Each structure stands twice: as structure tokens, then as C-alpha cells.
Amino acid sequence: MAEKQLQCTAAAIEHQKAWFAQLRRDVFENQKPYAIVQADTPLELFQTMDVPVVSNQWWAALISAKRLSPAYLDAMNTRGFHEGLCRYCSLPMASTLCGDVAPAPWGGLPRPALLSARLTCDCIQRVLAIWAEAFGAEFLPLDAPAAAELPPKWWELSRYRWSELFEEHRLQFMVAQFHKLIAKLERITGRAFDLERLRCLMEGVNRQEEYFEEVRGLICAAPQTPVRMQEQISNVMAAQWLRGSEWAIAHARRFRNEVKARVTNGVAACPAERLRIMWVGAGLWHDMEFYTAFEAEYGAVFVWSMYLAFGPDGYIRYGLDDPLKALASRTVSMNEQLHNPPWANEWIVEQAKLHRADAALVLTPLGTRPSATGNRFIELALERAGIPVLPIFADMVDARTWDALEMRRKVARFLNERVVRRTIE
Amino acid sequence: MPIAGVTSNTVPSELLRAAGFFPLMLNPPRGPAAYADHFMEVGVFSARIRGIFHGITAGLWPFLKLVIIPRTSEQEHKLYLYLREIARQGLGKSVPEVYLYNLLHSRSAETEEYGFERTRDLKKHLEQLAGRSIEAADLARCVCESNQARVAIRSLLNLREGTEPRLRGTEALSLIGAAYFMDHAAYAQLAAEAGAEMEERPPARGARLLIKGTPLHHTGLHQAIESHGAVVVAEDDWWGSRCLGEPIAADADMVRSIFDAYYRGTSGPRAFPPEMADKWFFEAAAKADGVVFYLPPEDDVLGWDYPALRAALAQRGIPSLLVREDAAEGLSSECHQKIEEFVSKIPVRS
């Protein structure tokens with residue numbers, strides 16, 4: 001693993017470990033409830049009710065980073081789940097069902113009080129139902145009507161004019177489902193939901209994302225990127241999972257301060273930076289060294305991923321008179337903004353220009369098909385904008401089919417043939 | 001009569017017919033799909049969805065005035081978005097209007113109300129396109145014809161039941177699936193004639209099998225199984241035994257009745273909770289001698305159900321076999337051998 005250049009990165013990682021250790025203590029010793037949820041669920045409602053949440057995708061990334069995914073996924077295949085099924089959202093379930101093949105990270109997930117997911121794809125309801133049964137816990141699905149109208153340049157509407165961006169009936173439906181989730185959380189905690197507390201939390205989320213926006217702006221404007229993509233992800237996601245909390249806001253501020261100081265002092269993540277690369281898709285959690293592998297020879301630095309950039313554009317909501325509806329507008333289209341045309345392709349090209357990207361690597365995860373959609377439109381749009389693209393066919397958590405050496409060779413060939421020559425010309 | 005293409009079984013054909021449209025199930029034959037190759041990610045979409053995308057984008061069906069895509073699978077939602085994007089960017093030959101019917105399939109008061117409102121929206125949209133309102137009499141007539149087709153299908157399904165089925169699965173799939181491509185009144189008459197003819201046949205002998213898995217818009221798997229002396233007596237599949245479903249209630253609010261039939265009576269990958277989806281399967285399995293699970297390489301959904309369903313069948317003493325190859329492409333000799341061994345070992349219940 002490349003060295004951590006920012007002090008706040010180490011702090012973020014330490015905080016996550018301590019947070020999870022505390023969660024285990026609270027569950028085992030104090031019988032406190034917690035929940036396992038998909039990343040695109042309304043975490044804010046759980047936060048408001050003081051029910052900690054473990055994001056399915058965060059836990060999948062952690063398992064993968066600990067190089068445990070091959071053992072769990074092989075064990076799932078042995079149990080009869082075929083090898084063509086999605087892996088990103090099911091790896092944590094595998095660590096529960098097949099816990100005997102390898103000890104899970106950090107002591108593993110205790111039994112949750114609740115599991116919840118938006119029914120975006122067709123398989124997540126199955127994965128979480130199986131998982132809930134294994135835990136002997138309840139699964140609460142939030143159904144997901146699809147977007148039929150997708151106005152152009154969504155990021156220009158999402159902060160102030162979010163009610164125009166999403167169809168009213170989808171927002172109303174999501175709010176109705178929020179009420180069911182809230183009722184469930186009230187029963188679990190024995191406490192009443194406080195709408196004012198949600199409003200304050202939403203204001204906190206806005207402040208947090210504003211710090212991230214400053215960081216994004218610093219990366220765009222600085223002559224060389226002050227922070228590597230991997231460290232952007234560590235800092236951003238540690239805060240996003242706890243978004244709006246005092247710690248998350250303070251951490252976002254600390255991250256901003258440190259990046260700003262680096263820019264002021266002319267400190268670059270890679271002083272030899274010559275090429276700025278975008279990574280489109282989820283992180284390659286089982287091989288994070290991949291992202292620094294091209295710095296020495298090519299001065300190629302990964303400057304962009306969706307994790308930092310999506311924060312300000314996807315999360316900020318001004319006008320919180322109706323915080324539930326504002327939250328619905330944040331929740332209802334998360335996948336659509338990142339994976340569906342025209343929203344994903346338009347936004348990523350815009351981001352590529354802002355970040356002065358020289359090239360993009362686009363992940364098509366064959367082991368997680370719903371995350372692969374929209375990629376061809378993204379690739380074609382980037383190429384049309386003059387940004388060379390290398391499609392990467394790999395899975396974000398399954399290391400079994402990843403040939404690290406060959407993939408580095410492939411990227412090197414791409415940089416030589418399509419990027420270096422072009423930037424010299 | 002203007003033709004409206006639909007992509008699966010959950011678009012209320014009665015509303016389309018009442019508005020003067022002829023609803024046509026889009027089901028292109030497998031073949032080259034250059035537009036899909038260019039715009040759809042490799043290994044992500046099923047061959048059928050790729051074929052539909054290519055057919056529409058390449059302008060192969062210029063007779064289509066409208067395409068209605070339901071929110072019945074995630075792939076269909078993506079198909080809708082991709083077609084919209086092709087039209088927005090002007091990349092296709094001539095993409096007709098594409099409409100998303102946001103029918104949800106989980107069971108709750110909220111989803112039911114949401115789905116009903118979207119059904120009313122669909123009706124309004126069709127009225128706008130037709131330039132006239134859909135009257136109660138129009139709906140009553142179309143529901144009546146649809147119910148005739150539903151009854152006819154029920155009659156065909158009856159010929160597959162019991163210990164002496166008169167109708168083989170390969171024939172049944174073609175006969176039943178034809179309802180998606182024909183006028184319902186004409187279909188009901190022809191299906192009744194076919195049923196009467198088949199009633200006189202000697203019974204089909206062999207192990208009576210149920211198929212569960214990826215929807216079969218072709219007869220490849222049925223043919224393969226029946227070539228080994230078995231009879232496919234049912235399939236948990238909207239192209240076969242789950243086609244159309246029970247007759248639509250003739251209530252005062254006909255739109256509500258139509259919606260109810262599609263919300264409650266249709267099968268699909270997003271039905272939730274799973275007990276509801278599994279109920280039909282276990283009832284059908286109890287009447288069969290064995291079950292063939294069909295999970296071709298393009299499956300990434302029903303494979304999640306397979307281990308539990310297999311275990312539940314084993315508990316009930318019902319043998320099962322898993323087919324992981326694409327039957328539309330033709331099964332390998334190894335797969336044929338597995339089917340033959342499976343069929344030969346099944347004790348046939350009388």
C-alpha cells in the first residue's frame with residue numbers, strides 16, 4: 001500500500017476501526033440495535049434515530065481489501081450460488097453464510113436489528129432476504145420506481161431545484177416508504193422520531209459536502225493534484241457513512257484544511273505528475289496499489305473518482321422546509337446519476353473537463369452487472385470529448401479473475417499508445 | 001391499427017386495445033445485434049433485451065408507433081433509458097416514442113396505490129395518443145376478449161395436468177405464447193379449437209417435469225427435455241403456465257380491475273416477498289415428477305433462489321436437475337446426457 005500522505009487519512013481509518021469496535025461492544029454488551037443497509041438507502045433516518053448503520057458496500061470493500069473475497073466467494077459457489085451472480089452486494093452476506101471458511105475482518109458483523117435496501121436491481125431483495133434469514137433479523141425493502149424523466153445537467157438542478165429534477169410521484173412514494181422505515185426504527189429504539197433533528201442533520205450534511213466541494217475545487221485548480229484518489233476515497237467515505245454527524249463534519253473540515261495547506265505550500269501528491277487519470281466506477285478494493293502503479297514511469301496520477309466528486313453534486317440539498325422530501329430527492333436517484341444515461345455520461349464528461357483529465361479508465365464489473373450499465377455511453381461521451389478511454393473488465397471485490405501484472409501491462413500500453421503520445425503532440 | 005410494442009407480460013394489453021392500439025410482444029429472433037454491441041455493455045443484458053434494443057434502434061420495425069416498457073425488471077428500465085438516450089443523441093434510425101410503465105411488484109399499500117396511479121397515467125397517455133377518451137364500454141369489450149383468451153389458456157393448461165397429459169410442453173409453449181402476438185378474440189377461438197383437437201389424443205407418457213428459471217421465449221429447452229422421453233407439464237414462466245393469469249374481475253372500476261390483475265396475478269423477477277413468488281412454484285412442483293432449474297449463463301437473478309428451492313424440493317422428495325447452458329443456442333451433448341440420466345431415474349407417479 002502506498003504511504004499515507006495526509007494525516008487525516010490515518011485518522012479516518014483509525015476512526016472507522018474504533019467506531020466498529022464500539023459498535024460491536026454496544027451490540028454484544030449493551031444489546032444496542034444497529035442496521036445493515038445498502039449504500040443508497042437513507043442513512044440519515046438511522047442517524048437521526050441513533051441507530052448505527054454498516055453499509056453493505058463498505059463491508060464488502062473491507063473484506064476485499066483484506067484479501068478474503070476468494071475464500072468466501074468460492075464457498076458460495078460450493079453452496080450452489082453460481083459464479084455468474086453479483087458479488088459486490090453479496091460478499092458481506094457470504095461472510096455470514098460462509099463464516100467458517102475465514103474469520104471476517106475486525107471480528108465480523110454481529111446480528112443486526114434490521115437490514116434494509118432500495119430495490120434498485122432485481123437481485124438485491126434476494127440477497128438481503130437470504131442474509132436476514134441467516135441472521136434471524138428483519139429485512140425492510142424500499143421499492144424503487146424508475147426514473148422516466150431525466151432532465152439534462154442534473155447537477156445544476158440538484159441543490160436548489162431538486163423538486164424539479166425528480167418526478168413528484170417518485171418523491172411522494174419515497175416519503176411514504178420513509179414513514180414506514182421511521183415507524184420500524186421507532187419500534188426498534190423505543191423512541192420517537194424528531195423531524196427537527198433530521199433537519200439539523202441535513203444541514204450538517206450540506207456543510208460537510210461544502211467542504212468536499214472545496215477540496216474538489218482545489219484539486220481542479222492546483223497545478224498538480226494535492227491528494228491521491230485513494231486518500232480522497234478514504235477521507236470522504238469515512239465521513240459519508242456518518243454524514244451530518246459532528247465527527248463527519250469536523251473530519252471533512254480537517255480534510256479540507258490539510259489539502260488546502262498542501263496547495264498553498266505547493267505540495268503535490270506526485271511531484272512528477274504529467275498525466276491526470278480518471279477512475280470511473282467503484283474502487284478496485286482488492287488491489288488499491290493499482291492506483292499508484294503508473295506514477296513512477298508515466299507520472300500518471302489518478303485524480304478523480306466518483307466518491308469525492310459525487311458528494312457535493314449528489315448530496316447537497318438547500319431548502320429544507322420539508323426535510324423528508326429533500327432526503328427523498330437525495331435517495332431516489334443515486335444509482336441513476338452514477339450509472340444511467342444521460343445523467344452519468346453528461347456528468348462524467350463535465351467532471352473530466354473540470355479536472356483536466358488526460359485519460360479515463362472505466363470499470364465494467366462483470367461480476368456486478370447492474371453497476372456496469374451506462375458505461376458504453378460514458379466511454380463514448382468521453383472519447384467524443386477528446387479523452388481517451390481504457391475499459392477495464394474486472395470486479396471491484398472479486399480478486400479471483402484479476403491478473404494484476406497483466407492489467408498493469410495493459411494500462412501501460414494504453415498510456416503509451418493513446419495518452420503519452422497525444423499529450424506530447 | 002397502430003401497433004404498440006411491449007417488452008413483457010405486465011403491460012395491460014386491455015388498455016392498449018381499448019385505445020385502439022394493437023399490442024405486440026417484442027421477441028426478435030436471436031441474431032447479430034450491431035447496435036447492442038455498440039451501446040450495451042458486454043455480458044450485462046440478456047440476448048432478448050439486446051435483440052429488442054437492436055431492433056428498435058436499427059429501425060427494423062418501422063410499424064411501431066409506440067413502445068411500452070414496464071418496470072418489471074431492471075434490464076427493462078435500462079432498456080428504456082438507453083432507447084431514450086439513443087433518441088436524445090440522434091444515434092438510431094428512427095426510435096418510436098418509448099413510455100415507461102412504472103408498475104412495482106413488492107406488496108404493500110404504498111406500492112399498490114403507486115402502481116394504480118401509474119396505470120391511470122398510462123390510460124391518460126394512451127387517450128392523448130388516441131385523441132379520444134377510453135370509454136367504459138371500450139374497456140369492458142377488451143376485458144371480455146382478454147378473459148376469453150385467459151379461459152382458453154386455462155383450458156390448454158388443463159390438458160397438461162394430471163397423470164395423463166394430452167399436451168406436450170414444446171407444443172404448449174407455442175400455443176400459449178401466441179396470445180402475446182394475436183388478437184385476443186381470435187386467439188381464444190383458435191386455442192379452443194386446438195384444445196378440442198388435443199383432448200382426443202392419447203396421453204403423453206414419461207416423467208412429468210416442471211421448469212423453473214429464466215423466462216423461455218423459445219422452445220429450445222422444452223424440445224431438449226422432451227427428446228429424452230419426459231413431458232414438460234408446466235413452467236414457472238410468463239411465456240407458458242403463468243401467461244395472462246386468472247380472468248379480470250368485471251368490477252365497476254375497470255381500470256382498478258385491470259391493474260389488480262397485473263399487480264397481483266403476474267409473475268416476474270421483482271415479486272416480493274419471496275413466499276408469494278414461491279407459492280405457485282411449490283404447488284406446481286407437488287404435481288410434477290421432477291423439476292428442471294434453468295439458469296443459463298445470462299442469469300444473475302434466479303440463481304439466488306436456486307439453493308433454497310433445491311433444498312426445499314429435496315425435503316419434499318422431488319428430484320431436480322440444474323441446466324446452466326443456453327438452450328436457445330442448443331445444449332451440449334454433456335447436458336443432453338445429464339437430462340437423459342435425470343429423466344431415466346425419475347420414478348413416475350401415477
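## Two meeting places in a predicted model

The C-alpha centres of domain 1 and domain 2 of chain B sit 23 Å apart, with domain bounds taken from an automatic or database domain assignment. This is a predicted model, where local features need pLDDT of at least 70, side-chain atom pairs count only at pLDDT 80 or more, and totals for chains, interfaces and linings use all residues. Residues are numbered from 1 along each chain as its sequence is written, chains are lettered from A and ligands numbered from 1 in the order written, and side-chain values use heavy atoms, leaving out hydrogens and water.

**Exercise 1.** Work out how domain 1 of chain B meets domain 2 of chain B.

*Solution.* 
- Start with the bounds: domain 1 covers 3-130 and domain 2 covers 136-345.
- Next, contacts (heavy atoms within 4.5 Å): 39 residues of domain 1 touch 37 residues of domain 2.
- Then look for salt bridges (a side-chain nitrogen of Lys or Arg within 4 Å of a carboxyl oxygen of Asp or Glu): the count between these domains is 6.

**Exercise 2.** Describe the contact of chain B with chain A.

*Solution.* 
- Count residues: chain B brings 49 and chain A brings 54.
- Get the buried area (accessible area, 1.4 Å probe, that two parts lose on being put together, summed over both): about 4,300 Å², 57% of it on carbon and sulfur atoms.
- On the chain B side, Phe272(B), Asp300(B) and Trp304(B) lose the most area to chain A, together 18% of what that side buries.
- Finish with salt bridges: the rule finds 7 across this interface. Glu149(A) and Arg84(B) meet in a salt bridge through their side chains, at 3.5 Å from N to O.
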